[in-house]
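Please look at the model shown below.

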Amino acid sequence: MPSPRPIVELPDELISQIAAGEVVERPASVVRELVDNALDAGASQVTVRLIEGGVRLIGVEDDGVGMGPADLVMAIRRHATSKIRSLHDLESVATMGFRGEALAAIASVSELTLSSRPAGVDHAHGLDARSGEIRPMARAQGTTVEVRELFYSTPARRQFLKSTATELAHCIEAVRRHALARPDVGFDIWHDGKLIEQWRAQGGQAAWDRRMSDVLGTGFLAESIALDAQVGAVRVRGRAGLPDHARARGDLQFAYVNGRYVRDKVIMHGVRSAYEDVLHGQRQPVYVLHLEVDPMRVDVNVHPTKIEVRFRDGREVHQAVHHAIEQALAQPRTGQPSPTDGTWPASGPGERRGLGSPAAAPQAAPWQQQRMPMGQAMTELQALWGRAGGLGVTEAEPLWRGPQASAPLGPRDTAPDQALSTPDDLPLGQALAQLHGVYILAQNTHGLVLVDMHAAHERIVYERLKQGAAQRNDSQQLLVPVSFAATETEVAIAQEHQNTLLELGLDVSPLGAKSLAVRSVPASLADSDVVALTRSVLGELAQWPASTVVERAHNELLATMACHAAVRANRSLTLGEMNALLRQMEATERADQCNHGRPTWRMLSMKELDALFLRGR
Ligand code: ADP
Ligand code: MG
């Protein structure tokens with residue numbers, strides 16, 4: 001047995017190197033810490049210079065408050081900070097940094113130099129961290145930190161570094177995260193002597209939007225929706241990507257708590273749950289979310305990199321995020337000239353952090369300001385779907401009714417509401433024809449609208465079912481119970497899940513070992529094929545483990561029912577029916593995607609059509 005070794009205190013240098021392991025993983029971690037410091041110093045312009053992806057050199061230059069010679073020396077000491085003084089300060093910390101360990105940690109694994117000049121002092125001082133030497137030098141107000149030969153003393157770490165391109169990408173990402181939170185600050189990134197990114201400081205109304213399109217690409221605004229919601233003490237602002245523009249990777253997901261970039265499970269789950277209904281498979285939504293939370297209610301001192309936080313009330317945060325996104329996604333976007341032309345109303349700008357001032361609430365889309373002739377849409381709808389649950393529809397009219405087809409509908413189909421007849425009022429336009437029993441072709445003021453009628457109807461039925469389920473009064477007793485021969489499994493499932501089925505409006509009970517009776521169905525599906533409906537619901541139930549969350553189960557069941565009840569492809573619709581469907585889409589939440597996340601409609605603007613035919617070239 002080895003004899004015990006005496007306990008000794010580790011030397012400072014080694015303590016810092018150990019700490020550095022937590023804070024400094026790669027060049028991008030250094031970039032993050034140095035830009036944090038620049039922003040904490042009140043910089044309005046931050047310049048990042050990198051050589052070889054930051055491995056040779058990382059330089060961060062700012063025009064912030066600067067430091068005098070005495071502070072330069074203190075800055076690189078461990079646990080030395082100007083940002084907090086007490087535990088109380090820590091609880092309400094508003095700066096990015098507060099642990100006072102970044103510069104010490106970085107200095108222990110690199111060659112670090114600082115130069116700085118505070119306001120009102122006529123020259124700057126430079127400090128070489130290794131030698132401790134200080135000398136006067138010329139510099140404008142602000143601070144420059146230069147980090148050379150990262151990990152030169154810890155080859156094991158250096159081995160883990162990836163290619164220059166990869167490290168560079170991580171460094172850019174680190175700056176991008178800051179830039180999205182601070183449109184009021186300009187950011188330049190240089191690599192190997194070339195300016196590779198330049199995000200100019202923005203002010204005024206559209207600062208946030210301009211910064212987002214600078215950093216995330218000009219398409220981002222068009223592909224996302226402004227959101228702004230408050231739940232309890234938590235406010236959420238920003239933009240959520242349209243389901244159409246979800247990505248295979250979660251690389252465009254930015255969440256901030258009080259201006260600090262975080263990766264937080266509660267927030268991510270809140271996002272996921274809000275998209276559940278409209279996103280299929282593993283697609284990743286894009287988003288930029290700024291949460292404002294009372295600093296006393298969030299602990300930022302959870303992890304050395306401060307990328308994780310802990311909320312006092314995680315549920316509230318979850319709800320706020322879920323609600324903000326769900327609300328944004330639920331707005332029908334059918335009034336937009338095109339789903340991708342970038343005219344979405346912008347969220348309001350803020351002050352310095354943008355998080356203190358009330359933003360303009362997201363504006364309603366233009367057509368939402370006009371009153372929807374809802375009554376009429378509903379009447380038409382009742383005439384159509386109410387009668388048959390979307391299945392038994394009258395025989396088809398001729399598809400082509402001549403030139404008047406695009407004019408207001410004939411007396412049979414349209415109530416005498418003239419407001420409706422101007423196509424301007426109709427985001428999805430007037431139906432023209434049906435294509436191969438699958439698509440509805442319609443004309444609106446902007447061009448041609450194509451609607452996948454099954455997908456669209458499925459969403460409408462689904463949303464109605466959800467409403468009905470929420471009210472729990474959606475069930476309709478059948479005059480004559482429908483009985484049918486079932487498998488033993490089906491009977492067992494019906495028994496086991498009787499309550500769930502009842503909550504869904506389906507009253508199913510065994511008649512014997514091998515038969516089931518259905519006594520009531522959801523009112524909106526009263527006229528559909530009861531046996532097929534029940535079978536498909538039982539089939540769904542059979543696939544779930546008992547532990548499945550009930551809410552989710554409900555929605556999936558409802559989706560199954562909706563899919564089942566929605567009008568099938570290859571069914572002829574009259575123009576009146578098509579128009580009723582279009583009007584109902586306009587009035588339905590989340591109508592832009594079917595329950596499986598596929599789009600329900602697309603538009604080809606006149607411009608796009610002209611381009612197809614090379615007109616006007
Ligand atoms: P922290 O940011 O947690 O305080 P750091 O090690 O990052 O710890 O920095 C230590 C101190 O050095 C800071 O508290 C700040 O006073 C000073 N400092 C660092 N960078 C700058 C800068 N760019 N401008 C002005 N002061 C700085
Ligand atoms: Mg710091």
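By class, the shell around ligand 1 in this predicted model holds 8 nonpolar, 6 polar and 4 charged residues, where Gly counts among the polar ones and Tyr, Cys and Pro among the nonpolar ones. This shell has 18 residues, the closest being Asn-37, Thr-81, Ser-82, Lys-83 and Gly-100, and a residue belongs to it if one of its heavy atoms lies within 4 Å of the ligand. Helix 2 and helix 5 each give at least two residues to the shell, helices being DSSP runs (H or I) of at least four residues, numbered from the N terminus.

| Side chain | Ligand 1 atom | Distance |
|---|---|---|
| Asp-62 | nitrogen | 2.8 Å |
| Thr-81 | oxygen | 2.5 Å |
| Thr-143 | nitrogen | 3.2 Å |

Taken alone, ligand 1 exposes 530 Å², and the protein buries 93% of that, as computed by the Shrake-Rupley method with a 1.4 Å probe.

The space that ligand 1 takes is the second largest pocket, with more than half of the ligand's atoms within 2 Å of its grid points. The lining of this pocket has 17 nonpolar, 8 polar and 9 charged residues, and helix 2 supplies the largest share, 6 residues.

Residues are numbered from 1 along each chain as its sequence is written, while chains are lettered from A and ligands numbered from 1 in the order in which they are written. Local features need pLDDT of at least 70, side-chain atom pairs count only at pLDDT 80 or more, and totals for chains, interfaces and linings use all residues, while side-chain values use heavy atoms, with hydrogens and water left out.

Methods. Polar contact = N/O pair within 3.5 Å; in protein donor to acceptor, adjacent residues only side chain to side chain. 1 Å grid on protein atoms, 1.4 Å probe; cavity = no way out; pocket = protein on both sides within 12 Å on 5 of 7 lines; lining within 4 Å.
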